[in-house]
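Good morning. I will go through a few local features of one structure, starting with a loop. Please have the sequence and the model open.

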Amino acid sequence: MAATSLFSCSMHTEKLAPKISKGSDVLCSHIKTSYMEPGYLKSTCCPNSTFLSMKKSSKLEQMKTISQTDGFRSRALKVEHAPYFSVGQKFQLDDVIEAQQFDRDILNAIFEVAQDMESIEKNSPGSQLLKGYLMATLFYEPSTRTRLSFESAMKRLGGEVLTTENAREFSSAAKGETLEGDGPGQHPTQALLDVYTIQREIGKLDSIKVGLVGDLANGRTVRSLAYLLAKYNDVKIYFVAPDVVKMKDDIKEYLTSKEVEWEESADLMEVASECDVVYQTRIQKERFGERVDLYEKARGKYIVNKDVLKVMQSHAVVMHPLPRLDEITVDVDADPRAAYFRQAKNGLYIRMALLKLLLVGW
């Protein structure tokens, strides 16, 4: 299991509800494409998935059978918008493994819960919301901040924790056993807190420009963040990285498929002057193995310092998943646009929200 893959612990099975198509108010009971009669929207139903992506809860006003294809029946439900998710409703996901699981509606609702968790953390440190629940954390790579963030989140809500830091050596993984997860490729909970932070700092997620800087080939955080940013409108992403750690083609192709504008640049100063967010990452030595020469070639090429701050817009922010080495100079910390410590704090609220939703629902 990846350090940030999150699984619910309920022991039950159930048939997944029909999937509600993204971008429309149409509920389809099959997996084919249906075309609505005049007055209805076109709907494309996605293949069945382990992860259920649900539209906001709403009041159903009218049901009409509109087509029947190869024995599969499709029904269009004309709906009226209401609160997205009602209190007590089961969370739409059984686990959190990758950023692609989320849609905008679920993201917005999670962020609302995270704001509630912020109030709980500040005003009611004795919350017993998760009393009686026990969370076991298995980290296959060193990840002190993420581990402590999860453990703090669980304890802030009254739950208990069992933990091991080096599960790769001290768990059944040493015998070859595996759990589902993708540590090198994704960091979904970090991406959630990153998007939450952007919303809190910039005030919007549509029509923004984001510069991703540093180790983009090996950085799990930037890969997951790119997936989430693709869910918003009129977003442009700049990739700024040394040649040996450029963003991989799979992310570029994904963004292109979602009609997200992206651009590679070697000029950090120019990108910083354009962007709402400069998201810096460290060059990770552990990802280079024995190729120390490549690590040294990449390290130190792009550094956020006061010169970068001078060209940034007044509303823009600098973010970083932490820990940092020398890719952000310490004199940047005092600038109000340095958002990375607030970003780390937001991780607590997001993880409190996820634990609450996975274990007890909305």
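Start with Asp234, which lies in the loop between H5 and S10. H and S stand for helices and strands, taken as DSSP runs (H or I of at least four residues for helices, E of at least two for strands) and numbered from the N terminus. Before going on: this is a predicted model, in which local features need pLDDT of at least 70, side-chain atom pairs count only at pLDDT 80 or more, and totals for chains, interfaces and linings use all residues. Residues are numbered from 1 along each chain as its sequence is written, and side-chain values use heavy atoms, with hydrogens and water left out.

Asp234 is not a glycine, yet its phi is positive, about 55°. Most residues other than glycine have a negative phi, and most peptide bonds are trans. Is Asp234 buried or exposed? Asp234 is exposed, at 61% relative accessibility. The cut-offs are under 20% relative accessible area for buried, over 50% for exposed, and partly exposed in between, with a 1.4 Å probe and protein chains only.

Leu322 also has a positive phi, about 60°, and is not a glycine. Leu322 is in the loop between S13 and H10, and counts as buried at 18% relative accessibility. The peptide bond from Leu322 to Pro323 is cis, with omega near 0°. Pro323 lies in that loop, between strand S13 (317–319) and H10.

Now the aromatic rings. How many aromatic pairs does the structure hold? There are five. Rings of Phe, Tyr and Trp (its six-membered ring) pair if their centres lie within 6.5 Å; planes under 30 degrees apart are stacked, over 60 edge-to-face, and the rest tilted. Tyr227 is buried, with a relative accessible area of 8%.

Phe239 and Trp262 form a tilted pair, 5.9 Å centre to centre with 45° between the planes. Phe239 sits in strand S10 (residues 236–240) and Trp262 in strand S11 (residues 261–264), so the pair ties together parts 23 residues apart in sequence. Phe239 is buried at 3% relative accessibility, whereas Trp262 is partly exposed at 29%.
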